[in-house]
Amino acid sequence: MTYDDIKQKLILAGKILVAEGQDDFYPRPLFRLRLPDNPSRFFMKPHSVGLDELTMENILTIDLDGQCRGGHVAAP
């Protein structure tokens with residue numbers, strides 16, 4: 001499974017949660033997936049992005065210290 005495959009699963013999971021009425025604010029989910037080849041990093045939904053707004057470009061890569069190691073969120 002590639003990183004793009006993993007991100008696509010994260011995007012799909014967000015769409016499913018929104019369709020089931022489990023959007024960002026009730027309850028606010030922590031949405032992340034650990035990287036299988038690097039367990040010290042994971043893909044994560046940015047705080048300022050809704051579950052239905054996830055894209056390949058705005059999913060962040062975070063390390064165990066909470067530092068962003070990839071991705072970015074465009075300023076509003």
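This report describes the aromatic contacts and strand pairing of a predicted model.

Local features are reported only at pLDDT of at least 70 and side-chain atom pairs only at pLDDT 80 or more, while totals for chains, interfaces and linings use all residues. Residues are numbered from 1 along each chain as its sequence is written, and side-chain values use heavy atoms, with hydrogens and water left out.

Rings of Phe, Tyr and Trp (its six-membered ring) pair if their centres lie within 6.5 Å, and planes under 30 degrees apart count as stacked, over 60 as edge-to-face and the rest as tilted. By this rule the model has 1 aromatic pair. Tyr 3 and Phe 43 form this edge-to-face pair, at 5.4 Å centre to centre with 90 degrees between the planes. The pair links distant parts of the chain, 40 residues apart, with Tyr 3 in helix H1 (residues 3-19) and Phe 43 in strand S2 (residues 38-44); helices (H or I, at least four residues) and strands (E, at least two) are DSSP runs numbered from the N terminus.

The accessibility of the two partners is tabulated here, where buried means under 20% relative accessible area, exposed over 50% and partly exposed in between (1.4 Å probe, protein chains only).

| Residue | Relative accessible area | Class |
|---|---|---|
| Tyr 3 | 35% | partly exposed |
| Phe 43 | 2% | buried |

Strands pair if DSSP finds at least two bridges between them. S2 runs antiparallel to strand S1 (residues 32-35), joined by 4 bridges, and S1 and S2 form a hairpin with 2 residues between them. S2 also pairs with strand S3 (residues 60-63) in the antiparallel sense over 4 bridges. Phe 42 in S2 stands opposite Arg 34 and opposite Ile 62 in S3.
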